[in-house]
Amino acid sequence: MSGSKETIRSMRASRASCLLATAALAAAGLHAPVPASAASAVTRGSVSGTRMGPAVPILPVVATAPATSARAGAACGAPDLAVAAPYDTVDGQARAGTVTLYRNGKKTAVLAQGSGGVGDTPERGDSFGSAVVTGDFDGDGCADLAIGASEEFAGTPVPDGADGNGIVHLLRGTARGLVPAGTLEVTRLGRTRDTDRFGAALAAADLDGDGDDELAVGIPGLEEGGGVGVFGLNGRAMPGKGTLITQATPWVAQEHTETDQFGAALAAGDFDGDGRAELAIGAPGENIGTTSGAGAVTIADLRARQAGVYTQNSPGMAGEAEKWDNLGAALASGDFDHDGRDDLAVGVPGEGLDSLQDGPMYGNGAVHVLYGTRRGLTAIGSEFWSRKTKGIKGRSLNTDRLGSALAAGDLNGDGDAELAIGLPGAGQVLVLAGTRSGGLTANHHVFVSGRAGHPGDLFGSSLAITGSRLVVGSPGAARVTVIPSSVRIGSYAGLRTGGARTLTGGAKGLFGFAVS
């Protein structure tokens, strides 16, 4: 048995040879470095070769993103954008990671472990910033901040470069700014630490209807195929004891294997319009029958303790489950048809639409959109978007990886959400407008392109819609593009590409890997 278990662990580590760049770097057939095998002593002071000096002032974060709660309002003002660079060098420690905060386009703070109120110390390979989310976890009207460091080891790192234990740092928003609020790890779920990658994905929403947000933490490396920890349910304070959901949870009751990556992507939305959110959980590595890596997405209602699962073999879903499709690698929720219920976009970046797909790093890519009803999400009438969809411009290539990143939000100010879809292999983002007459439409769709002749930029690897702006990460180039929008009623994205501005970070830090 031990030999078999070690083989599975090796499979997990080889999947993480891209480490945090699961879909993004895969899009161009690139691999991020394997996590470091050991940590060394640290001294405080520098990030990516630039002296930090005294702790950088920390200001409140107010931002929205696909998995960020809409309840986290601007009551405490200040930064409106968080950009993660999980491979930034900090105090000489490679891939320790940073998160940079901005307000009105100006840098206000650089967060790293051991500075600016963040606990712990920066260590080689921690990947602080593997995921970032804001939410109002204590119901005080101020946005709180959660930052994942999925490759953090509680003790000595495993010498073969295996996946990390993982940890999540909490910072509470106050009128004076962000203040430390503790950490979360898998032991708060009653489990012992392993190569779990706790904090690889994050989502915030009011899942129990109590008026404040809960925090969902993806744990895709958990031994039984992954899991999700939910914190703050039923009035429990954070940090505190959480609730663990896995495919083996009795009310979920799904078959599983250790490489499913259940919890690799998360989103939350009120899909039935009852005033409390449900949780969407991606498992892009899930096998469907004998089909490896086809992927699945589970919709979990924590209050009702009910769950349903969608695959490309589900009735009403276009296509069929195929090897390496990776359905559920990206998720985003938004009300695309203005009916008062959230809808769900599900990325399938490995979807092959021609005969040339020949490995897990390839895929034309596609996105399924399931619409909310009074009974929750339904695949009946669902949509299948790709570059081959009627009305969509351009040629579909098997290196596009369309659907590797998703974001939803009202860009044009007409009350329904638009959907942004990343094609990092093509260096583009496709934006579809929502409408009140049937949801998303190809009419007046927009392609936003990165720098011509720079495929290694991986433009479109991460996305967020923050207020009335589209934020696009290019971690291969350490660049983030911020595109404003304006009110334009109807089937228009409302983007003002001429007003775009660029933020830059350290050259090898994967700046822009996550944005919120």
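Tutor: Let's start with W324, which counts as partly exposed because its relative accessibility is 28%; here buried means under 20% relative accessible area, exposed over 50%, and partly exposed in between, using a 1.4 Å probe and protein chains only. Before going on, the ground rules: this is a predicted model, where local features need pLDDT of at least 70, side-chain atom pairs count only at pLDDT 80 or more, and totals for chains, interfaces and linings use all residues. Residues are numbered from 1 along each chain as its sequence is written, and side-chain values use heavy atoms, with hydrogens and water left out.

Back to W324: its phi is positive, about 70°, although the residue is not a glycine. W324 sits in the loop that links β17 (306–310) with β18 (331–334). As for those labels, strands (E, at least two residues) and helices (H or I, at least four) are DSSP runs, numbered from the N terminus.

H444 is another non-glycine with a positive phi, about 60° in this case. This residue belongs to a strand, β25 (residues 441–449). H444 has a relative accessible area of 43%, so it is partly exposed.

There's a cis peptide to look at too: the bond between M238 and P239, with omega about 0°. P239 is in the loop between β12 (227–231) and β13 (243–245).

Now for the strand pairing. Strands of a sheet pair through backbone hydrogen bonds, either parallel or antiparallel. In this model, four strands make an open sheet in the order β5-β4-β3-β30, and the pairing is antiparallel. Its edges are β5 (106–111) and β30 (514–515), each of which pairs on one side only. To count as a pair, two strands need at least two bridges between them according to DSSP. Strand β3 (residues 81–85) and β30 run antiparallel and are joined by two bridges. V83 has V515 in β30 as its bridge partner.

Over on β5 you'll find K107. K107 counts as exposed because its relative accessibility is 54%. Leaving out residues up to four places away in sequence, K107 touches T100, L101 and Y102, where contact means heavy atoms within 4.5 Å.
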